[in-house]
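Hi everyone, thanks for coming.

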Amino acid sequence: MQITAAIVSERSAPFTLEKLELCDPRPDEVIVRVVASGMCQTDLHGRDGYFASPYPAVYGHEGAGVVHAIGSAVRLLAPGDHLVMSFPWCGTCPNCQQHKYCYCVQGRRLKMHGRRADGSTLMSRNGTPVYSAFFQQSSFGTYALTQERYAVKVRKDAPLEALGPLACSGQTGAGAVLNAMQPQPGDSLAVFGVGAVGLSALMAAKIAGCDPIIAVDVHAHRLALARELGATHAIDHTGRDKIVDALRAIASDGVRFAIDTSALPIVFREAIEVLMPSGTCVLLGSAPPGTDVAIEMPFLQQGRIVRGVVQGESLPKEFIPRLVDFVVAGKFPIHQMIKFYDFAEINLAAQESSAGIAIKPVLRMPESR
Ligand SMILES: [Zn+2]
Ligand SMILES: [Zn+2]
């Protein structure tokens, strides 16, 4: 079928909206009429060649929409269902066999290589392949194709156009708290970097009853939003060299949980140093290969845990509907971090995202077919 998608023709080129051909679904696949798609830094990293993936390409991996057509073996979805498209996994590797899908050893290839696992592409332009299975969805289009197992059905009374970000930044931040760290009410928690991932973690920390919840960032408008969404304290990192002291003035023993979303070694080190004995620091930001951080061995010996978490260690079909329930109940006010753009404004959205003006850009797709 013919669709309109945002194509990147070569490395760092702008997005251009073009008519492309989307293939028919295989037995286990669904075609989704995309209602809206979040934009994540990973999309822009793809555009800019970070993953050595081929061009021309279509990105987008926070898609929300309505089932348009299903393959012959699809059983859990029907046309008209509302869904969010989550991350892909292979299903057969040692981690997938233990249901640790977020750590699928094939995950990076399935997300970044622009093809199905068997090497086929989903879209074409005038008969020429377009690399378009980004995260096995490529949601920057009026329609997208994904596998049934990556599609998460959501309740129809939820605001569908705001739900796409739950597929990546939302479950990455909230899942780090609710799935990986599992705090008790009254546990202290600090979030370094309150963009879309950090704010999602912060809203989850509030749901879990953490106190204090300390937000650290360099942008005043983000810190103000963090306070609105549940941070009990906000620390402006700009020009400060004694951040750990500032945090310990609030939590004198250190915090039980710290999250770094910045992926900057200096900030990550601060997030580690602020831990109390037996505290846990979780790295959510993506640093370039070769980035090191030093940790004092005696400090680590006191039961402290430093680890990475991917995609919130979520089982998407269970966790995303749980987050949607929080959204509907007003406990996860994701709207407050979203700035909506028309699909045709995709380059503006990218620019404002990179500049820190838009915390979470979401592209609204035109109704056209
Ligand atoms: Zn796997
Ligand atoms: Zn993402």
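Predicted model: local features only at pLDDT ≥ 70, side-chain atom pairs only at ≥ 80, totals over all residues.

Residues are numbered from 1 along each chain as its sequence is written, chains are lettered from A and ligands numbered from 1 in written order, and side-chain values use heavy atoms, without hydrogens or water.

So, what holds the zinc ion (ligand 1)? Cys90, Cys93, Cys96 and Cys104 coordinate that zinc through their SG atoms, at 2.3 to 2.4 Å; donors are N, O and S atoms within 2.8 Å of the metal (3.2 Å for Na, K and Ca), and with water not among the atoms, sites may look incomplete. The spacing reads C-x2-C-x2-C-x7-C.

Now the zinc ion (ligand 2): its donors are Cys40 (SG), His61 (NE2) and Cys168 (SG), at 2.1 to 2.2 Å. Cys40 sits in the loop between β3 (29-38) and α1 (41-47), and Cys168 in the loop between β10 (151-153) and α4, so the pair ties together parts 128 residues apart in sequence. Helices here are DSSP runs of H or I, at least four residues, and strands are runs of E, at least two, numbered from the N terminus.

Last, the helices: the axes of α4 (residues 169-181) and α10 (residues 316-328) come within 11 Å and cross at roughly 95 degrees. Axes are lines fitted to C-alpha atoms, for helices over the stretch in contact, with angles from 0 to 180 degrees between N-to-C directions.
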